[in-house]
Amino acid sequence: MHGISLEEKQQQFNEFFTIEHAIRVNFKTVAAGFTLPDVDDLGDHMPYAFRVASEATAIDAQALRPLRNMGEHAIELANFLNAQSRKIDLLMSLVLQQQDDPSLAYESVKFGGGGIIVKCDEAYEPEQIIELKLFLKEEASAIFCYGEVIECQQVGEQYHVSLIYNCIREEDQDLLVRASLHLQTAQLRKRAKQQKND
């Protein structure tokens, strides 16, 4: 992210699909002089609950991988393990929801794999670094990352602040891509059903 222009950052934001959807966001300006961590060191900056949730997800993925080579007999076992994994995800979601700080809580206008637009009460300058916690209720998950303001537009009495993720783990970015596509699929199905009923 360093060394590229604001215009290039906006292009990078636009490269990813975004969906209009309100998710809960904790939005916190970092102190002046803050040095953005490397992605490999992001875990050291995360709240403990986010690190635990991340490790639980990695363990799930590793546990299910060997079953793919076991053939038909593994299908029932894989289904059982997936159900257990889903229970753990729901419990972890409950733990992560407790990381939501009401004093820092805002809602997104749009989000996707490249960035997010958040409704705020005040304006923010381009290139400001923001600590973000994104709460994805539909995915029973939450993400901790850093974003950079690339645009701020006044809309009525609020501001729509566009941020590009400039320090996010690859698996969390993948989760945001999947979440936006799942929501789009759900919206399209709902629209098709309404049209059928009309």
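**Burial and charge in a predicted chain**

Colleague: What share of the 198 residues in the chain is buried?

Modeller: Buried residues make up 40% of the 198 residues, where buried means under 20% relative accessible area, exposed means over 50%, and partly exposed covers what lies in between, with a 1.4 Å probe and protein chains only. Please keep in mind that this is a predicted model, in which local features need pLDDT of at least 70 and side-chain atom pairs count only at pLDDT 80 or more, while totals for chains, interfaces and linings use all residues. Residues are numbered from 1 along each chain as its sequence is written, and side-chain values use heavy atoms, with hydrogens and water left out.

Colleague: And how many helices and strands does the chain have?

Modeller: There are five helices and seven strands, taken as DSSP runs numbered from the N terminus, with helices being H or I of at least four residues and strands being E of at least two. Read along the sequence, they follow the pattern α-β-β-α-α-α-β-β-β-β-β-α. Among contacts between residues at least 6 apart in sequence, 71% join residues at least 24 apart, a contact being heavy atoms within 4.5 Å.

Colleague: Switching to charges, how many salt bridges does a search of the whole structure find?

Modeller: The search finds five, counting a side-chain nitrogen of Lys or Arg within 4 Å of a carboxyl oxygen of Asp or Glu. One of them pairs Glu148 with Lys9, and the closest N and O atoms there are 2.5 Å apart. Because Glu148 lies in strand β6 (residues 141-155) and Lys9 in helix α1 (residues 6-15), this pair ties together parts that are 139 residues apart in sequence.

Colleague: Is Glu148 buried or exposed?

Modeller: Glu148 has a relative accessible area of 5%, so it counts as buried, and Lys9 is buried as well, with a relative accessible area of 5%.

Colleague: Which residue forms a salt bridge with Lys119?

Modeller: That partner is Glu107, and the closest N and O atoms of the pair are 3.9 Å apart. Lys119 sits in strand β4 (residues 115-120) and Glu107 in strand β3 (residues 105-112), twelve residues apart. Lys119 counts as partly exposed because its relative accessibility is 28%, and Glu107, at 41%, is partly exposed too.

Colleague: Where is Asp172 found?

Modeller: Asp172 is in helix α5 (residues 170-197), and it is buried, with a relative accessible area of 6%. Leaving aside neighbours within four places in sequence, Asp172 is in contact with Met46, Ile143 and Phe144.

Colleague: Which residue does Asp172 form a salt bridge with?

Modeller: Asp172 bridges to Arg169, with the closest N and O atoms 3.0 Å apart. Arg169 is itself buried, at a relative accessible area of 14%. Salt bridges that share partners join Arg169, Glu171 and Asp172 into one network.

Colleague: What about the surface, and which residues form the negative patch?

Modeller: The negative surface patch is formed by Asp38, Asp40, Asp41 and Asp44; patches are made of residues with over 30% relative accessible area and no salt bridge, with like charges joined within 9 Å and nonpolar side chains (Val, Leu, Ile, Met, Phe, Trp, Tyr) within 5 Å. Asp40 lies in the loop between β2 (24-29) and α2 (42-45), and with a relative accessible area of 75% Asp40 is exposed.

Terms used
Areas by Shrake-Rupley, 256 points an atom, 1.4 Å probe, with all protein chains shown as cover. Lys, Arg positive; Asp, Glu negative; His and termini not counted. Charge placed at Lys NZ, Arg CZ, Asp CG, Glu CD.
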